[in-house]
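Please keep the structure in view while reading.

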Amino acid sequence: MSILATGSSALLAFQRALGTISHNVANASTEGYSRQRVELAARPGQAFGYGFVGAGVETTSIVRLADDFNFARVLDSGAELGRLGSLSGLSARIDTLLSDGATGLSRPWSTFFDATQGVAAQPASAAARQDLLASAQALAGRVRSLDAQFKSMDTEVNARLDAGVRDVNGITAEIARLNAEIVRQQGAGGGQPPNDLLDQRERLVGQLSSTLGVATVLQDDGAMNVFTTGGQSLVVGTRAQPLSTVADPFRPERRVLALQSDAGPVALASGAVGGELGGLLEFRAQVLDPAVSQLGRIASTLTFTVNAQHRQGVDLYGDAGGDFFAPIAVDAGPHALNAGTGALSGALADPAAFTGIDAVLTFDGAGWSAVRRDNGQPVALTGTGTAADPLRVGGVALTVSGAPAAGDRFLLRPASGAAGRMQVAVTDPSRIAAASPLRASAALANDSNAVPGVLTVPDAGVAGVVANHQIVFIDDTTYTVDGGAPQAYDPATGIVGSGWTLSLDGTPVAGDQFSLAPRGPGSSDNGNMRALTALDDARPLEGGQLSLNGALQQLTVSTASVARQAGHALEAQQVVDQQVRSDRDSVSGVNLDEEAANLLRFQQAYQAAAQVISTADTMFQSLLAAVRR
Amino acid sequence: MSRISTLGMHQMALAQMQARQSELARTQQQMATGQRLVNGRDDPVAAGIGIALDRAAADHQRLAANANLLSNRLALEETALTSITDRVARLREIALQANSGIQTADTRRAFLAELREHRSALVALGNTSDGQGRYLFGGTQDGDPPFVATGATVSYTGDQTRRQIEVAPGVSVADADPGSEVFQRVRTGNSTVAARAVDGNAGTAVLKTAGFTAATQWDGDDYRIEFAGGNYTVRDGGGAAVASGAFVSGQAIAVAGYQVTLQGAPADGDAFTVGPAPNRDLFAAVDDLIALIQLPDTPGASKAAQQNGFYAAIEDLGAAADRVTDLRAGVGARLATLDTTAAERESQLLSLQTTLSSLRDLDYAEATTRLAMESAALEASHQSFVRIQGLSLFSLLR
């Protein structure tokens with residue numbers, strides 16, 4: 001009866017095959033599905049004297065067509081795509097904020113300096129002064145609003161990290177559960193692979209990789225161990241290691257990723273993760289923080305330099321100028337675990353040395369030292385922290401209050417957050433100190449035609465500078481100031497007093513007298529406003545190399561560059577990803593035409609096998625007929 | 001030959017179509033805004049340069065507004081200075097007429113009303129408003145009228161500061177001149193030297209002409225021509241005699257490159273000074289003229305003093321007119337500077353805007369071509385997708 005047995009083995013086998021084809025067709029559109037194939041093998045033949053007689057076909061296995069190397073590539077590519085997607089999306093938003101005229105800084109910046117020019121042209125005009133105040137408020141408002149936008153992006157990053165961690169924990173728990181199930185089923189199935197569970201696990205690992213970036217190791221028992229790209233285990237066998245977010249010890253509002261271990265949460269280094277979460281961390285460290293810092297640096301420096309110049313002048317009431325923008329204090333928060341009561345406070349003191357780089361300051365019980373927050377490189381620090389000798393680090397002067405304990409740490413963020421505190425201090429337009437502090441006049445009885453030219457007062461705050469001064473030419477080339485020692489007159493440098501310089505238009509002669517007097521109220525002089533206007537082109541930063549407008553350009557260009565590079569890399573990665581997926585699909589994907597052809601093939605084979613049964617039946621009937629009486 | 005999966009084929013076709021669509025959307029956005037760079041990431045370097053150039057262009061525009069304001073003020077000053085020149089010229093004319101031989105004390109009094117009118121008009125000109133509620137000639141203390149007439153004197157309450165206004169990057173032009181320079185610091189004589197009769201001369205010698213013969217020899221010393229016994233002696237500042245001779249009416253006396261012609265008969269002890277011209281208030285000069293005109297006709301020394309007074313007034317007013325003319329020339333030069341800087345500024349602004357435009361603005365010809373090409377590509381991918389997805393072996397299985 002071997003024909004019948006052979007035929008029925010074929011019927012069974014082709015039924016399996018047709019069933020598998022229908023499974024493939026049914027899952028033609030299922031994401032992550034790997035096509036399956038029935039592995040057929042000839043049954044071992046039966047030995048007879050004349051040889052072996054074939055015994056039909058049997059289904060050895062239903063295999064899943066998948067390539068582990070392709071899977072690893074899909075994981076890598078997905079992680080990179082996730083990382084670049086979040087990096088590029090968020091940096092593009094910052095770039096749009098900064099480069100769009102309606103939200104960027106360059107327009108109100110320009111308007112502010114235009115308004116200073118307006119006051120310089122019409123120092124007594126109430127309208128021009130009001131315009132300067134309004135444009136200063138608009139500038140400070142835009143700086144604050146940008147800072148608020150940055151802050152809200154920081155909050156968003158925190159929220160996305162939290163959400164991502166919840167996702168990751170859900171997925172890793174599911175992978176661990178699948179691992180258990182696969183190990184169990186594979187054992188129960190006599191070593192046959194539970195194909196659809198494997199697909200499900202691969203899909204989950206793919207999702208995990210695009211969120212976090214993972215590497216996998218397959219165990220002999222069928223379990224898959226999952227690690228972060230930094231090597232920390234997320235799933236080992238049937239056990240998942242949950243992730244969490246913890247507060248940054250210096251900045252409680254900032255979340256960082258941590259791995260839950262038996263000893264408590266262990267913070268993950270920023271390079272340890274990839275995927276979307278890695279992209280978020282990278283965005284925060286490489287784009288957001290530098291942008292916040294640069295914005296704060298610009299705001300602090302503008303406040304500092306404008307105030308310094310404004311204080312040199314005299315307002316319409318005849319009083320010395322005060323702060324134009326409200327002075328910005330520096331943020332220096334203590335570490336959460338500090339044992340002492342010490343606190344640091346201070347402000348920008350030297351824009352040329354002002355880097356805006358975050359630094360960690362450590363008190364060793366006697367003195368202070370500083371290292372960069374980002375790379376741990378030492379930062380120059382001088383001073384003892386008293387009011388007379390403040391700690392000077394990165395252009396900032398800090399005084400210590402309270403009693404710090406040895407080992408206490410502080411995070412100095414000289415620029416971050418500064419932008420959010422930028423405010424215009426002047427509210428009364430008449431308080432704008434446009435006039436220079438001294439005025440010069442030539443005695444009307446002078447014999448020469450010389451009249452006062454440019455009067456320069458480098459620092460009006462020095463005692464005795466803003467006072468009455470009398471200059472007398474004792475001969476054509478020699479003069480005395482306030483009856484002091486005779487000085488030679490050089491037309492190129494003018495008359496040099498203590499704390500001021502006066503140039504003369506015309507040639508003085510013996511007997512000429514000039515006088516300086518403090519500027520009274522109601523003056524429409526523009527000397528100080530002209531100096532303030534020049535701050536637009538001044539180079540206060542980077543040791544006198546970088547103008548504020550240059551810093552503004554840097555901010556825009558650097559964020560735009562990151563956004564552009566991330567965008568380009570994302571486009572490239574999309575192409576790579578497409579390639580990787582089509583490589584995977586060329587092995588694992590379902591092609592309906594192929595299935596249709598196979599369908600026909602197995603249908604025909606099935607029909608043939610049925611015919612074999614029918615033939616066997618015919619043979620049997622013939623035999624029966626032959627022996628029937 | 002690689003296998004193609006059906007799902008993969010759909011996904012790839014979809015991805016391609018989406019890519020084409022986003023390209024089209026971008027081109028459409030560019031064409032709608034007219035800008036090549038929509039965001040900084042489109043070209044970070046150009047965006048950075050754009051910020052600097054935008055600032056420079058805004059600065060140029062603001063400086064143009066400054067220059068405009070300044071030009072208005074300088075035009076106002078020029079108008080005021082023209083009026084002052086006219087008034088001073090008329091005052092000089094009156095002094096000349098009043099000094100002529102045919103005038104009597106009565107006829108001269110007829111000028112009095114006009115003189116007083118000119119004086120108050122000059123004070124009013126000194127207090128010219130700048131149209132913005134400030135006073136043009138007040139220097140930087142221009143909130144109140146700079147010239148205040150109290151009784152017989154006019155005092156100046158402004159200061160001598162002349163504002164500098166930036167009108168082009170690095171170019172500043174001086175604002176209106178302070179009133180002290182226009183009305184107060186006015187040289188007398190011929191602007192360098194003045195020859196004057198000493199008060200109380202008893203003789204009838206009057207100054208006829210005085211002027212340089214060799215300006216380079218003038219040494220700025222205070223000389224004095226003294227008369228005694230029909231002879232004259234020229235003494236320098238230290239009192240030493242430097243020249244002497246017999247006095248002849250109408251004959252020039254030389255003093256260090258300067259010469260003085262006197263007519264009439266000086267009495268013994270009479271003297272004339274020849275020295276550096278002092279500065280003088282224009283209003284005081286008018287007041288002197290008013291006083292001279294009211295003097296009665298008494299022949300002799302008094303008459304000579306009046307004639308010498310007229311001589312001085314005519315010369316001083318001439319110097320004042322020259323002074324105002326000089327200031328007008330200065331204002332004209334500043335206005336000319338404004339014009340040249342305006343031309344420079346405009347050409348700079350144009351080149352800035354051209355650069356900005358080349359950085360940022362869209363080339364419509366290129367964009368239109370691109371749009372056509374991209375829409376053709378999208379259409380083709382639509383059509384090919386429909387064609388390919390219709391191909392299925394299953395559809396042939398009956």
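**Chain A against chain B**

Chain A and chain B together bury about 4,900 Å², of which 48% lies on carbon and sulfur atoms. This is a predicted model, and the points below should be read with that in mind.

*Extent and polar links*

- On the chain A side 70 residues take part in the contact, while chain B contributes 54 residues.
- Between chain A and chain B there are 5 salt bridges, including one in which the side chains of Arg55(B) and Asp114(A) meet at 3.3 Å, N to O.
- Polar contacts link 39 residue pairs between chain A and chain B, counting pairs in which both residues are at pLDDT 80 or more.

*What chain A brings to the contact*

- At least two residues each come from α2 (68-99), α3 (106-121), β20 (438-442), β21 (451-456), α8 (548-588) and α9 (592-627) of chain A, and α8(A) provides the largest share, with 15 residues.
- By type, the residues on the side of chain A that touches chain B comprise 28 nonpolar, 26 polar and 16 charged.

*Helix packing within chain A*

- The axes of α2(A) and α6(A), the latter spanning residues 275-310, come within 7 Å and cross at roughly 35 degrees, and this crossing of α2(A) and α6(A) is right-handed.
- Residues of α2(A), among them Gly82(A), Ser86(A) and Leu90(A), meet residues of α6(A) that include Gly275(A), Gly279(A) and Phe283(A).
- The contact of α2(A) with α6(A) is made up of 8 nonpolar, 6 polar and 3 charged residues.

Methods
Residues numbered from 1 in each chain as written. Chains lettered and ligands numbered in written order. Heavy atoms only, no water. Contact = heavy atoms within 4.5 Å. Buried area = accessible area lost by both parts, 1.4 Å probe. Salt bridge = Lys/Arg side-chain N within 4 Å of Asp/Glu carboxyl O. Polar contact = N/O pair within 3.5 Å; in protein donor to acceptor, adjacent residues only side chain to side chain. Helix = DSSP H or I, 4+ residues; strand = E, 2+ residues; numbered from the N terminus. Nonpolar A, V, L, I, M, F, W, Y, C, P; charged D, E, K, R; others polar. Axes fitted to C-alpha atoms, helices over the stretch in contact; angles between N-to-C directions. Left-handed = near helix turned anticlockwise from the far one by under 90°.
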